[in-house]
Amino acid sequence: MRWTVFTIAAWITLGLEWGLRDALQLGDVRIAPSFVFVLVVFISLWARQTAAMGACLILGAVVDLLGQLPTSDGTDVVVLGPHALGYLLAGYTVLTLRALMFRRNIISLAFLVLLTGVLAQILVTFLLGVRTVYDNVLFDQPLVELGQRLGSALYSAVLAIPFGAALNVIRPIFGFEADTRRGFRIQ
Amino acid sequence: MPRRTPSARLLLSATVLALVATSLLPTSVTRWIGEWFRGPLMTIIAPISGPMSGLSTWLRPGERLPSRDADTPQAELIRQRDDAELRYLRVLDRVQELEALVRDLQRGVLYTETPFVRREARRVGSNIAGGTMDIDRGKRHGVREGSIAIARGSDQLVGIVTRVEPMTSTIHLITDIRLEPPLLDGVVMSEGRIEDAAALADLPQLQLEPGRDGLLVSESVGVNAAERMVVGRQVRLMDDSWPSTARMLVLGRIVRIEETEEPLFKRVLVQPEIEPARLRSVILAIPEGDDQVEAAP
């Protein structure tokens, strides 16, 4: 994978996530799709194992650093870790399953976004929920929060169809090994 | 010769352990992470998320009322009327405050007043999960924690600045259920002109808290006070726990008055006139101090 291309793609995707996500929010409920998570699954589907894990950790850590949680003293804090670990788990699951999937099919991407999104969000909710037991971070009721996060995972799977199609179009410039490797040919 | 560089597996395990630690250690230990890394990261992200936020506002505008920014004579008159009304209400509120101050001074309480400056700031992102919004003005532009965000072209209170980075700041929105302090004291305006400070003090008051659907809710308004409230009336902030720059700003309009299980109380729901999370830009009321404030471009 070309890391320069990944960096530019990540920058644009984070811009979409941070700037455009609220326009796609479902009414006043805190359910919105994640562009970054679709990129995580896309990279995990095509990149080599070490590159995929590294990309998942970087993107997850950036999402953690961008997102803040309010505290009972009126300030906001950054909690580094939940999304990084959640995205890592998602990436690992995709790496395990990708041999069984039709990678070029956009439905496979959407299915993996849903499946791994659910796993990642359960882990994120668990870690943040545990922290609220002894810390002053303000967190919604864990079940309500989990419901909203699972809703977002489902919504991200829907977003994965158009956004994943766009990523598939530009896939050659990422320089994934699967694209650059020459296939078996009989002459 | 033995390998000196750690294997990828070892590096990954160490990273995972470090992330588990930062996820679970209390805020007092991990606060430095946000202070060190978030500012530079936001400086990198803001140039791309800013235009996306603009696109977001265009796709899904947050304003429920016609914009006062229009250049028609009618809009100009409405703008002048609203500004005059806010100033007038603030004067009445100030009279009340000064009366209280006279009482305080007689008791020997120290008097301080905070002047403020106004700066326009553009939204560069929203955190739906955190109930916050990021803007493109930070420490370098003189923004401080506790500055008040007001919707541009309106008197609608948007929120309070809770975090300031070098180039960006975070505003906690009034509609988020985790707003601290969670209760907002509001006063319901009357239809006619409020003659004096005593009339302002006599208006029905209520304590609002953010609900789950973007509304502000007062769960226990006495039936006598509720009888003086009418759907459609404007509610303004009259809360001593908020900075003085926020006083008499608009919280929203009453959209519903509902019965509760308690016959002596009613539930009042207030909807902000503008959706705070979807604004293109806000006006910051920044308390003035010793810090050097750069001129806004």
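**Exercise 1. How are α1(A) and α2(A) oriented to each other, roughly parallel or roughly antiparallel?**

Before the solution, the ground rules. This is a predicted model, in which local features need pLDDT of at least 70, side-chain atom pairs count only at pLDDT 80 or more, and totals for chains, interfaces and linings use all residues. Residues are numbered from 1 along each chain as its sequence is written, while chains are lettered from A and ligands numbered from 1 in the order in which they are written.

Step 1. Locate the helices: α1 covers residues 3-20 of chain A and α2 covers residues 35-46. Helices (H or I, at least four residues) and strands (E, at least two) are DSSP runs, numbered from the N terminus.

Step 2. Take the axes. They come within 8 Å and cross at roughly 150 degrees. Axes are lines fitted to C-alpha atoms, for helices over the stretch in contact, and angles run from 0 to 180 degrees between N-to-C directions.

Step 3. Classify the angle. Under 35 degrees counts as roughly parallel, over 145 as roughly antiparallel, 65 to 115 as roughly perpendicular, and the rest as oblique. The two helices are therefore roughly antiparallel.

Step 4. List the contact (C-beta atoms, placed from the backbone, within 7 Å). α1(A) gives A:A9, A:A10, A:T13, A:L14, A:L16 and A:E17; α2(A) gives A:F35, A:V36 and A:L39.

Step 5. Sort by class: seven nonpolar, one polar and one charged. Ala, Val, Leu, Ile, Met, Phe, Trp, Tyr, Cys and Pro count as nonpolar, Asp, Glu, Lys and Arg as charged, and the others, Gly among them, as polar.

**Exercise 2. Describe the crossing of α3(A) and α4(A).**

Step 1. Helix α3 (residues 49-66) and helix α4 (residues 82-97) of chain A have axes that come within 7 Å and cross at roughly 150 degrees. That makes α3(A) roughly antiparallel to α4(A).

Step 2. The crossing is right-handed. (Left-handed: the near helix is turned anticlockwise from the far one by less than a right angle; right-handed: clockwise.)

Step 3. The contact includes A:M53 and A:L57 in α3(A), and A:L85 and A:L88 in α4(A). By class it has 14 nonpolar, five polar and one charged residues.

**Exercise 3. Trace the barrel of chain B.**

Step 1. Chain B has five helices and 12 strands.

Step 2. Six strands form a closed barrel, in the order β1-β2-β5-β4-β3-β12, with antiparallel pairing. Two strands pair if DSSP finds at least two bridges between them. The twist averages 40 degrees from one strand to the next.

Step 3. Check one pair. Four bridges join β3 (residues 148-151) to β12 (residues 281-287) of chain B. Here B:A149 stands opposite B:L284.

**Exercise 4. What does chain B bring to its contact with chain A?**

Step 1. Chain B supplies 47 residues, and chain A supplies 47 residues.

Step 2. In chain B, α1 (8-24), α2, β1, β4 (157-164) and β5 (169-173) each supply at least two residues. α2(B) gives the most, with 17 residues.

Step 3. The chain B side has 19 nonpolar, 20 polar and eight charged residues.

**Exercise 5. Buried or exposed: where does B:M248 fall?**

Step 1. B:M248 is in the loop between β9 (234-237) and β10 (250-259) of chain B.

Step 2. B:M248 has 23 C-beta neighbours inside 10 Å, so it counts as buried. (Buried: 20 or more other C-beta atoms within 10 Å of its own; exposed: 12 or fewer; partly exposed: in between; C-beta atoms are placed from the backbone.)

Step 3. Note the backbone. B:M248 has a positive phi of about 65 degrees although it is not a glycine.

Key: Contact = placed C-beta atoms within 7 Å.
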